[in-house]
Amino acid sequence: MFHLSKLDVKLTRRTALKLGALTMAAVAVGVPMGSSKKASVKAAGAESGESKQLGFLYDQTKCINCKMCAKACKETNNWEPGAEWRKVYVAEGKKVYLSMSCNHCADPACLKVCPVRAYTKREKDGIVQHDTKKCVGCAYCLYACPYHAPQFVKSGTGAVTKCGFCAEIQDQGGKPACVSKCPVGALTYGDVTELRNTPGAVEPEICGLPPVSITHPSLVIIPKV
Amino acid sequence: MHLHWGWLIVIYLFLGGLGAGAYITSYAARRGWLGNSPALQRAGYYMAAPIVAFGTLLLVFDLGQGLRKPWLLIGLLRNFTSSVMTWGVYILALFICVGLLIAVLVFLKKDLPKVLEHIGAVLALATCAYTGLLVAVVEAIPFWNTYFMPLLFVASALSTGLS
């Protein structure tokens with residue numbers, strides 16, 4: 001047909017069809033793979049009876065940027081150097097703040113992508129927990145989380161850590177450290193379905209946060225208008 | 001945003017695509033799609049497994065715990081239902097095994113079972129495509145979140161392997 005230097009390349013219709021079929025096969029394998037993943041995770045998340053989803057309620061109108069929430073978290077949970085489980089973000093040029101840790105999402109991306117199943121979501125209260133003992137430090141969850149909740153210091157422990165909603169403390173009847181130490185009551189927590197009914201509360205899609213449709217975070221914000 | 005996947009991953013991506021593309025090149029050559037060169041038919045089959053194996057080794061080095069707690073690595077096979085990274089581990093492991101087998105058979109000048117070649121070709125395509133899928137399912141990064149990614153990785157690997 002045509003000459004390509006020393007090669008006699010016979011690009012016939014047959015060859016083109018075969019290549020096309022091979023490509024289509026690759027796509028046919030990849031696309032259903034992608035959509036089947038979403039289905040299986042949602043099925044696994046189906047709740048039964050006595051379960052609720054805990055979440056944070058953050059009141060921007062009350063927050064004074066004292067960062068006691070972050071300090072309390074750090075001391076209670078012994079952050080490794082370089083890891084920040086809870087951060088207080090400050091808007092550029094405005095006195096508007098955002099204190100955020102992990103949003104214990106209804107459809108957590110971290111859990112979905114983790115190859116070693118280091119993440120689990122508690123049935124009774126929806127807390128998303130990470131098991132450091134299983135973590136191989138692949139950092140996939142860091143890319144997957146829209147809220148930068150997982151913390152990873154390669155030169156430190158080389159394993160991921162993140163906010164666990166102070167699950168152990170809560171199991172003994174206490175409150176998360178951040179909530180306990182907030183001097184103005186800007187940070188509270190509870191059943192997120194009830195929190196969403198708080199007057200003035202909105203979905204956390206403000207302040208440049210990503211669409212809630214990605215992972216359905218259990219976070220409610222009362223915005224400073 | 002911090003970039004956690006550094007240059008070790010970049011080199012792995014290149015080698016993974018290269019090895020898989022090389023395999024497919026030999027596969028295509030043996031079917032007469034790329035002319036009539038016996039050297040082309042062998043070269044890719046020799047190169048594929050060692051290149052991909054070396055790339056995979058780099059992946060292990062990149063893991064935060066890869067060298068500290070290597071026994072944890074078997075856990076990478078756990079999340080078959082929802083983690084593309086787990087699929088990748090299976091695909092790489094199988095491709096390297098099949099690739100090594102084929103390389104040995106070619107070296108010993110034995111006949112290659114067609115079924116084995118076909119399996120190798122599917123695994124090679126999967127090696128090219130899965131990394132694209134890995135980044136594509138990350139909805140948090142809209143630039144990655146597209147079906148175009150797997151296609152891009154396959155195209156890139158094929159062209160690299162051919163050269």
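Predicted model: local features only at pLDDT ≥ 70, side-chain atom pairs only at ≥ 80, totals over all residues.
Chain A contains 7 helices and 11 strands. Of its 225 residues, 36% count as buried.

Most residues other than glycine have a negative phi. His104(A) has a positive phi, near 40°. The residue sits in the loop between strand 5 (97–100) and helix 3 (109–113) of chain A. His104(A) counts as buried because 28 C-beta neighbours lie inside 10 Å. His148(A) also has a positive phi, of about 55°, and is not a glycine. Its place is the loop between helix 4 (140–144) and strand 8 (151–152) of chain A. With 15 other C-beta atoms within 10 Å, His148(A) is partly exposed.

Val179(A) belongs to helix 6 (residues 177–181) of chain A. It is buried, with 21 other C-beta atoms within 10 Å; the threshold for burial is 20 or more. Beyond its neighbours within four places in sequence, Val179(A) is in contact with Leu187(A), Thr188(A) and Tyr189(A). Val179(A) and Cys105(A) are 74 residues apart in sequence, and their C-alpha atoms are 18 Å apart in space.

In chain B, the packing of helices was examined pair by pair. Two packed helices are described by the angle between their axes and the distance between the axes. Helix 1 of chain B packs against helix 2 (residues 38–62) of chain B at an angle of about 160°, with the axes 7 Å apart. These two helices are therefore roughly antiparallel to each other. Their crossing is left-handed. The residues of this contact divide into 21 nonpolar, 7 polar and 3 charged.

Helix 1 (residues 7–30) of chain B also packs against helix 4 of chain B. Here the angle is about 150° and the axes are 9 Å apart. Helix 1 and helix 4 of chain B are therefore roughly antiparallel to each other, and the crossing is left-handed. Helix 1 of chain B contributes Leu13(B), Gly16(B), Gly17(B), Ala20(B), Gly21(B), Tyr23(B), Ile24(B) and Tyr27(B) to the contact. From helix 4 of chain B come Glu117(B), Gly120(B), Ala121(B), Ala124(B), Thr127(B), Cys128(B) and Thr131(B). By class, the contact of helix 1 with helix 4 of chain B has 8 nonpolar, 6 polar and 1 charged residues.

Helix 2 and helix 3 of chain B pack at an angle of about 145°, with their axes 8 Å apart. The crossing of helix 2 and helix 3 of chain B is left-handed. On the helix 2 side of chain B, the contact is made by Arg42(B), Tyr45(B), Tyr46(B), Ala48(B), Ala49(B), Val52(B), Ala53(B) and Thr56(B). The partners in helix 3 of chain B are Leu92(B), Phe95(B), Ile96(B), Gly99(B), Leu100(B), Ile102(B), Ala103(B) and Val106(B). This contact has 13 nonpolar, 2 polar and 1 charged residues.

Val52(B) has contacts well beyond its own stretch of sequence. Leaving aside neighbours within four places, Val52(B) is in contact with Leu15(B), Gly16(B), Gly19(B), Ala20(B), Leu92(B), Phe95(B), Ile96(B), Gly99(B) and Thr127(B). Elsewhere in chain B, Ile9(B) is placed in helix 1. Ile9(B) counts as partly exposed, with 18 C-beta neighbours inside 10 Å. Ile9(B) and Glu139(B) are 130 residues apart in sequence and 20 Å apart in space, C-alpha to C-alpha.

The largest nonpolar core has 103 residues. Those with the most contacts inside this core are Cys110(A), Cys114(A), Cys141(A), Ala144(A), Ala48(B) and Val52(B). Helix 4 of chain B gives the most to the core, with 11 residues.

At the interface, 35 residues of chain B are in contact with 37 residues of chain A. Helix 3 (84–107), helix 4 (114–136) and helix 5 (148–162) of chain B each supply at least two residues of the side that touches chain A. That side of chain B has 19 nonpolar, 13 polar and 3 charged residues.

Technical notes: Residues numbered from 1 in each chain as written. Chains lettered and ligands numbered in written order. Contact = placed C-beta atoms within 7 Å. Helix = DSSP H or I, 4+ residues; strand = E, 2+ residues; numbered from the N terminus. Nonpolar A, V, L, I, M, F, W, Y, C, P; charged D, E, K, R; others polar. Core = buried A, V, L, I, M, F, W, Y, C linked by C-beta atoms within 7 Å. Buried ≥ 20, exposed ≤ 12 C-beta atoms within 10 Å, placed from the backbone. Axes fitted to C-alpha atoms, helices over the stretch in contact; angles between N-to-C directions. Parallel < 35°, antiparallel > 145°, perpendicular 65-115°, else oblique. Left-handed = near helix turned anticlockwise from the far one by under 90°.
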